[in-house]
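Please read them with the structure open.

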Amino acid sequence: MEEFNTEWFVNRLHDRSARGLARQISALIQSGTLPVGTRLPSIRDLAFGLGISPATVSIAWTDLRKRGIIAGRGRRGMHVCNMFLSPRPVRRTASLSSENVSLNLTSYTPDPGRLPHLSDAFEALTSIPNLNTYNDETISPALRAICAAHWPYPAEDFMATNGAYSALFDTMQALIPPGSTVAVQDPAPMRILDILDYLSTSILPLQSDTDGILPASLAQALARNPTALYLQPNINAITGQRMSRARLHELAQILRTSPSTWIIEDDAFPWFSDVLAESIGVWLGPRVIHVRSLSKILGPDLRLGIVSASSMIIREIQAYRSFGPVWTSRLLQTVAARLLENEKTHQTIHGNYRHHQEQRHEMTSALRHNGIDIPTGEGFSFWIPVLNDEAACASLASQNIRVSAGHQCSLLAPSHIRFSISHLSGDFERIAAALQQAARKTASPGEQSDPKPVW
């Protein structure tokens, strides 16, 4: 059996730049020359053998880790863990599990039975402007008019996209060069962190309290001149907490000191609240890219997201989209416009919101009965502090309950777990008791636990 020692690598790695090392190691893995499970030399040993800086090897290893090809840490070093032929969202891939559990609380999609009926909107279609033409307009006139009338700030231009994550991906691809620094509200959706890893960005996680991003944390990040700031100006899809208007205004004042930083807003729950939506665009409109998802209110299979920005930024995003679909289905845009202009749709959305708020109050009460005191919040998700997220997930899995590990959404300690109530119909007390038990599970021997959870 071939021995993959340091000399073996030195003889095969001829391009000794960080990018070259990552490319060559990736090729050796994809060709099968380096099988899954192969242990890699230590950074220091390989750097010495190649005659380069350990920092160069470390950058290459970081790139391969972000792509999910190698894994490991500490004294045990790195090893080959996958033979991926193309980049993929590592966090999201890791969150998908084939294990069967009786209660899966990782689904953050809405209950299909509580969504507006699409049949009426489709049946009402009589004519669709520009249908089946190669006219690459950014958004249909009807959908533009509805968005402009119900937007949280007077946006200059709009674009329809194939879902909100497609909008965020296209925006970040168009505006954030690889290797940039990006400030991110922590926690953030795992797919956002996956996109930023794919772009090889340096992520600056921003600390938050119950009102949103801490101003001091943002000011400290802006000292590093980030290319962009990602934030959720309304309901945080991970924690369920809402950013206050006063905090948004305070952040806007701080952002005036960094005029070159783009502001990318992610609104996953439009119209899904008793409170009007907010945006930093009220104060810094030309620099803001505001992305709205329609999945939680109209249904994931409608596949629609809306972007607002300056006309210049919309043109830049549209130029990038020219490599792919160019425009979003005008049929789906027309259906969405018909739904959003119908008062019955908004009654359904509000009824769905009230249902989930009742569920949140029941779950919050059950958690408090079990010693976990957190705000009620809004949306589908709960964010619970634990001693060790992997140990907590394992404990719940043993009781046939599946949740998400917090480290998939957060770069900051302490540990958390995330779970959803979007498909939950009861049994709150049993779930809360299981969560309380799991929250106190410590790491396995030899691993370090995070501090005691603060409730």
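**Notes on the predicted model**

1. The largest nonpolar core holds 49 residues, and Leu-143, Leu-218, Ile-280 and Ile-306 have the most contacts inside it. A nonpolar core here is a set of buried Ala, Val, Leu, Ile, Met, Phe, Trp, Tyr and Cys residues joined through side-chain atoms within 4.5 Å. Buried means under 20% relative accessible area, exposed over 50%, and partly exposed in between (1.4 Å probe, protein chains only). A second, separate core has 27 residues, among them Leu-105, Leu-367, Ile-384 and Leu-435.

2. On the source: this is a predicted model, in which local features need pLDDT of at least 70 and side-chain atom pairs count only at pLDDT 80 or more, while totals for chains, interfaces and linings use all residues. Residues are numbered from 1 along each chain as its sequence is written, and side-chain values use heavy atoms, with hydrogens and water left out.

3. Which residues does Leu-218 contact, leaving aside neighbours within four places in sequence? They are Leu-206, Ile-213, Leu-229, Leu-251, Ile-254 and Leu-255, where contact means heavy atoms within 4.5 Å.

4. An open sheet of 3 strands runs in the order E13-E16-E15 with antiparallel pairing. Helices (H or I, at least four residues) and strands (E, at least two) are DSSP runs numbered from the N terminus, and two strands pair if DSSP finds at least two bridges between them. Strands E13 (381–385) and E15 (404–405) are the edges, each pairing on one side only. E13 is joined to E16 by 5 bridges, and E15 pairs with E16 (residues 416–420) over 2 bridges. Arg-418 in E16 is the bridge partner of Trp-383 and also of Ser-404.

5. Is E13 enclosed or open to solvent? 5 of its 5 residues are buried, so E13 is largely enclosed by the rest of the structure. Ser-381, Trp-383 and Pro-385 lie on one side of E13, and Phe-382 and Ile-384 on the other.

6. Arg-242 sits in the loop between strand E9 (228–231) and helix H11 (245–255). Arg-242 is buried, with a relative accessible area of 19%. Its side chain makes a polar contact of 2.9 Å with the side chain of Ser-273 and one of 2.8 Å with that of Glu-378. A polar contact is a pair of N or O atoms within 3.5 Å; within protein, one must be able to donate a hydrogen and the other to accept it, and residues adjacent in sequence count only if both atoms are side-chain atoms. Not counting residues up to four places away in sequence, Arg-242 also touches others, including Thr-210, Asp-211 and Asn-234.

7. The disulfide count is 0, a disulfide being a pair of cysteine sulfur atoms within 2.5 Å. For Cys-81 the nearest cysteine sulfur is that of Cys-393, 19 Å away. Cys-81 is partly exposed, at 23% relative accessible area. For Cys-393 the nearest cysteine sulfur is that of Cys-409, 11 Å away. Cys-393 counts as buried, at 18% relative accessibility.

8. Some backbone geometry deserves a look. Most residues other than glycine have a negative phi, and most peptide bonds are trans. The bond from Asp-186 to Pro-187 is cis, with omega near 5°. Ser-200, though not a glycine, has a positive phi of about 60°, and Asn-400 likewise has a positive phi of about 60°. Asn-400 lies in the loop between H17 and strand E14 (401–402).
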